[in-house]
Amino acid sequence: MDQRLTFAHSPCPNDTFTFHAWSHGLLPGAPALEVTLADIDVTNGLAERGGADLLKISYAALPHVLDRYALLPCGGALGRGCGPLVLTRPEDGPDAFAPARLAGRTVAVPGDRSTAYLLFRLWAARAVPGGVGEVVVLPFAEIMPAVRDGRVDAGLVIHEARFTYPRYGLHRLVDLGAAWEADTGRPIPLGAIVARRDLGAQTLRAAHRAAAASVRFAWRRPAASAAYVRAHAQEMAPEVVEQHIGLYVNGYTAELGEDGYGAVRELLGRAAAEGLLPPVAPGALDFPGA
């Protein structure tokens, strides 16, 4: 195809690994890409403004943009054992690590449109009587230092922090992904790939094929993307990069399937019932290029 598509996704290892083949022209016949690497809070904002043809966004942002963007059935982040964590400082006392201790406390979060924050709000509504206190948005890299240094009482973290938080001397108060899985039996929807609906069915189908092919290429030839992944891994240790990719690039990345779609519907439905997100119209999650 002659058309060049703009694509904004995160510099995290799971995304650079997944989309390396497509973004570097290694997939014959795939649409050419012009790629921008940006944190998820930036791409969520771009989606609301219609700022790119393809975007990686939070599932929590999806209902706000479904009028102009369609959910691709692959390429995103959804799985088991990969949810966000709530971290606190170790303290003495028998109730030091009870969720109720967050009542009235300050919690740092990585974005108010993030799926992590949505999962936190759904959990806290039941687990923290009276509700938490102030919620402050901080860049992801600043959250664990802020908790460690006492500038906030707790922090909501994602991605590689699952592996690195002990280095900061922090305690895991709750694994929100484990809580979600125990409650619903479903995998955890985190990040979605969306494409502009006005690209048309033919281009949407081509984007779907290319995204799925890029995942398969990455699995077949993991060494091909290694330098690219390391260059954008924000100083992660090699073993953390490997753990990150292994956790977040999985079968749901290759194809959401009914299990994946069911998890997305469950999350968005629960959030709408609690008044946290606008309801999603029937059929709005269907892929128009199918």
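How are helix 1 and helix 10 oriented to each other? They are roughly perpendicular to each other (a label for angles of 65 to 115 degrees), as the views below show. This is a predicted model, in which local features need pLDDT of at least 70, side-chain atom pairs count only at pLDDT 80 or more, and totals for chains, interfaces and linings use all residues. Residues are numbered from 1 along each chain as its sequence is written, and side-chain values use heavy atoms, with hydrogens and water left out.

**View A. Helix 1 meets helix 10 (residues 238–248).** Their axes, lines fitted to C-alpha atoms over the stretch in contact, lie 8 Å apart at an angle of about 70°, with angles running from 0 to 180 degrees between N-to-C directions. The crossing is right-handed, the near helix being turned clockwise from the far one by less than a right angle. Look for P13, N14 and F17 of helix 1 beside V241, H244, I245 and Y248 of helix 10; contact means heavy atoms within 4.5 Å. Helices here are DSSP runs (H or I, at least four residues), as strands are (E, at least two), numbered from the N terminus.

**View B. Helix 1 (residues 13–23) also packs with helix 8 (residues 201–220).** Here the angle is about 115° and the axes are 7 Å apart, which makes helix 1 roughly perpendicular to helix 8. Helix 1 passes helix 8 in a right-handed crossing. Among the contact residues are F17, F19 and W22 of helix 1, with A211, V215 and W219 of helix 8. By class, the contact has eleven nonpolar, three polar and no charged residues; Ala, Val, Leu, Ile, Met, Phe, Trp, Tyr, Cys and Pro count as nonpolar, Asp, Glu, Lys and Arg as charged, and the others, Gly among them, as polar.

**View C. The largest pocket holds about 520 Å³ of space.** On a 1 Å grid over the protein atoms alone, a pocket is an open set of points with protein on both sides within 12 Å along at least five of seven lines, while a cavity is a set where a 1.4 Å probe fits but cannot get out; lining residues have an atom within 4 Å of a point. C12, I40, F140, I158 and H159 are the closest to the pocket's centre among its 29 lining residues. The lining includes 15 nonpolar, nine polar and five charged residues.

**View D. The largest cavity holds about 50 Å³.** Volume is the space filled by probe spheres set on the points, which are joined across faces, edges and corners. Closest to the centre are Y59, L72, C74, G76 and L256. Strand 11 gives the most to the lining, with three residues.

Terms used. Parallel < 35°, antiparallel > 145°, perpendicular 65-115°, else oblique.
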